[in-house]
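Here is a colleague's note to read alongside the structure. Keep the viewer open and look up each residue as we come to it.

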Amino acid sequence: MKKNFNIVITLIIASVLIATLSLFMPKDKEKYLRDQFWVKKTFAPSVYDVVLMGDSRIERGVSPEIMEKILPGMNVLNFGYSNGGLNPTMYEAAEKKLSKTGKKKVIILGVTANCITPYTLKNEQFLQVKKLPREDVIERMYLNRILYQFSATTPEGLWNYFKNEKPATVSINEYYDNGYVKSGRIPIDTMYAIPSYIDDYTNYKVDEQIIADMVSQIKQWNEKGIVVVGFRPPVTVPMKTLEDTMGFYNEAAISARFNEAGGHWIHLNSTEYKTYDGSHLDLASAMKLSEVLAHQVSGILAQPEK
Amino acid sequence: MLFNSLIFVAFAILFFSVAKLIGNRVKVRLTWLTAMSLLFYGWWDWRFLFLIIFSGGVDFLAAMGMTRWEKRRKLFLVLSLIANLGALSIFKYSGFIAHNIDAFLKLPDQLSLYKHIPEFFLITPVGISFYTFHSMSYTIDVYKRKCEPTKNVIHFFAFISMFTQLVAGPILRAKDMLPQLLKINPISKEERWNGFRYIVRGYFKKMVIADNLAPIVVAAFSSPDIKQSSLYWWGIMIAFALQIYCDFAGYSDIARGLAKWLGYDFNDNFNHPYISTSLKEFWTRWHISLSSWFRDYLYIPLGGNRKGKLRSDMNMWITMLLSGLWHGAAWTFICWGAIHAFFLNLERITKWPERFKKSKILVIAGWGFVTIQVLVAWVFFRSENIGQAWNIVKTMFSFTGSFELGWGLNGTVFIVVMMVREIVEAIGVKEKIDWTSGKWMWIEIILYALLITTIVFFRGNGSEFIYFQF
């Protein structure tokens, strides 16, 4: 055989092997969709009228789709990140997502205790995606829906796949282009998240400087004509107590300063919402919160300007 | 642009397709090569294109100046060295130097030198050490009359910026590459196949071995507490040794394979370094283009071993310490260089490798000793700081703690695969086979098809090549 056909033959054999094996190999579709989701969120265009900011309680707790039904003609982006912080880096990024031509601009802050501790100042997840090489961004944005067919695995992953062991708990994650993750957990365990938050609040507390920065940002946004809405995402009573006592979260004080700075604080009754892990809202509650927020925003926008 | 990305595949298809259309027109081909190489580099951060253009521009003009004004040859060489080393110092070492001055003088925040460096200068441009060294080799070779300067600026920039080795080597010599660039060598079928084999092997090393070992090493080094187990750290260091080898050698293989497809030939950059039975031998097998660069442009000009034993040892220490510093602006890299210098010095004084050659058992013992030296030195290379490195080394030699290697099933599989491969290479099994004969040719084809399949299904989490940061 002539050497110049070697490459072609090798590639043909490899293609056949890959195509055949792709039918049997484990596929981690969720990972690929998740990666695509974060890239789409981080590199979302500047076309939104309403941008939601905060941590995973926002990311998993507010559906822009529901809000858009109540706020006709407005585009809503969920710009929440796991362990996302409320700090200048994130304020700047969120503001850039607002439409340049939109007449009404709204930024909604989900002010959890976690968001205003020094821990979330790292903006780890946001920066991780933001700093991805351009080629990774393109791959994740446009090719991940194909690439998952050829999901990478490891010897351990392969072993577990063929052992076919069912995990004790199942996490449900459905990713949307508007930045929302429809999520759940089976079985529901409303105390599940408590231990990790005890660890967090042992090391980090709500920080005065971060609140001061937020207040200053609200004033700046107001001057630019951006309406700022804030609220404390609902959680279970034990979680709320933990945040108040260990994390030093004082909703009354924060909401007062928020309103003084020109923002609009929405008080929510936590007991009306249910979570699947003590921290994140279940599907019905997430829908309800989305509706409540949209109605409140609608009401605020209908008010004459201050 | 990373070799291990789909964008690069598209880039390469476009590049080679147009190169094929260009055919034998040398000038057009060099222009195409330069333009695409600058695109390749600018893809990472276009702002730093100016640095390559500046560095290359100065060297091009300096070499022209040397031929035009014969009596001022030295002046042009000095100008070139100042420009190159100056750019390297600003972009790679200014932060490190400022940090150390701050710490030494205990300067308060307001007076901190580090905090006054503009942020732009604290970004280390990808591959700066590589292309600076490429460029410097040109002016030095022209000065030493080992290389004819080119009068064609595109020809020169094609050499400096050639995308195949621009950001992570191998470091090319102008005297080897400039003449090659002027020829359009017809690429034989054998060379095309060889290039393909290099590329596939390179991707396998990088994407399967290095990228799968990376999480094991990262987890060990990023843990806030040093795990108190001697065996665990020996295991982690073996994993790191193979990770960095496969990462870097993988890049070199891909670079070499791509160059073959262009009709150019690079020398081997790695030659199974971990089978070395002396540290001196290790340095003839590891990052050969860098070690020979330092030998030819630093060690020998310093006097090499021509000026007595003491001076020779001193020259070797200077070379190794600077080699450490070349890798990164941190004390850990300098320590890495110092450890190598120390053990090289020990070899020179005791001449143990020659004595050990007398028996096979001693050769194996010598190999073990060298491997330990290399692994200990890697601890400093990989650690975040000297304190962490020292604690790990102490743990390694405490011979206590749990009986685990820290590899898990994944690490074990990839490490064993790589070790077996190195042993097979060391024994020279491959050389004993006539791969052109019918049966073996098919076996080789199937082997490479399997390698490609493995790359697709067992690729690790894509990450940058470690040597990009140097």
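Which residue forms a salt bridge with B:K260? Hold that thought for a moment, and remember throughout that this is a predicted model.

1. **The opening pair.** The partner is B:D265, and the closest N and O atoms of the two side chains are 3.2 Å apart.

2. **Salt bridges across the whole model.** Over all chains, the structure holds 29 salt bridges. One of them joins the side chains of A:E95 and A:K224, with 2.7 Å from N to O. A:E95 sits in helix α5 (residues 88-96) of chain A, while A:K224 sits in the loop between α10 (208-223) and β6 (226-231), so the pair ties together parts that are 129 residues apart in sequence. A:E95 itself is partly exposed, with a relative accessible area of 22%.

3. **A pair between two helices.** Now find A:R257 and A:E208, which form a salt bridge with their closest N and O atoms 3.0 Å apart. A:R257 belongs to helix α12 (residues 251-260) of chain A and A:E208 to helix α10 of chain A, so to speak two distant parts of the chain, 49 residues apart, are linked here. Both ends are partly exposed: A:R257 has a relative accessible area of 27%, and A:E208 has one of 48%.

4. **A network.** A:R57, A:R232, A:E243, A:D244 and A:E251 are joined in a network of them.

5. **Where the two chains meet.** How many residues does the contact take from chain A, and how many from chain B? It takes 33 from chain A and 35 from chain B. The size of an interface is often given as the accessible area lost when the parts come together. For chain A and chain B, about 3100 Å² is buried between them, 73% of it on carbon and sulfur atoms. On the side of chain A that touches chain B, the elements giving two or more residues are α1 (6-24), α2 (29-42), α7 (134-147) and α8 (155-163). Among these, α1(A) gives the most, with 11 residues.

6. Is B:A158 buried or exposed? At 0% relative accessibility, B:A158 counts as buried. This alanine lies in helix α6 (residues 153-161) of chain B. Leaving aside its neighbours within four places in sequence, B:A158 is in contact with B:L30, B:L33, B:T34 and B:L181. B:L33 is 125 residues away along the chain, yet the C-alpha atoms of B:A158 and B:L33 are separated by 6.2 Å. The second residue, B:Q373, lies in helix α15 (residues 360-382) of chain B and is buried as well, at 3% relative accessibility. Beyond neighbours within four places in sequence, B:Q373 is in contact with B:L279, B:I339, B:F343 and B:W352.

7. B:V416, B:M419, B:V420, B:I423, B:V424, B:I427 and B:V429 make a nonpolar surface patch of about 540 Å². One of these, B:M419, is placed in helix α17 (residues 408-427) of chain B. Its relative accessible area is 35%, so B:M419 counts as partly exposed.

8. **Chain A as a whole.** Finally, step back and view chain A from end to end. There are 13 helices and 7 strands in this chain, and its C-alpha atoms fill a box of roughly 80 × 45 × 35 Å along the principal axes. Of its 306 residues, 51% count as buried. Chain A exposes about 14500 Å², with carbon and sulfur atoms supplying 57% of that area. Among contacts in chain A with a separation of 6 or more, 81% are between residues 24 or more positions apart.

Definitions and conventions: Residues numbered from 1 in each chain as written. Chains lettered and ligands numbered in written order. Predicted model: local features only at pLDDT ≥ 70, side-chain atom pairs only at ≥ 80, totals over all residues. Heavy atoms only, no water. Patch = residues over 30% accessible without salt bridge, like charges linked within 9 Å, V, L, I, M, F, W, Y side chains within 5 Å. Areas by Shrake-Rupley, 256 points an atom, 1.4 Å probe, with all protein chains shown as cover. Salt bridge = Lys/Arg side-chain N within 4 Å of Asp/Glu carboxyl O. Helix = DSSP H or I, 4+ residues; strand = E, 2+ residues; numbered from the N terminus. Buried < 20%, exposed > 50% of the residue type's maximum accessible area, 1.4 Å probe, protein only. Contact = heavy atoms within 4.5 Å. Buried area = accessible area lost by both parts, 1.4 Å probe.
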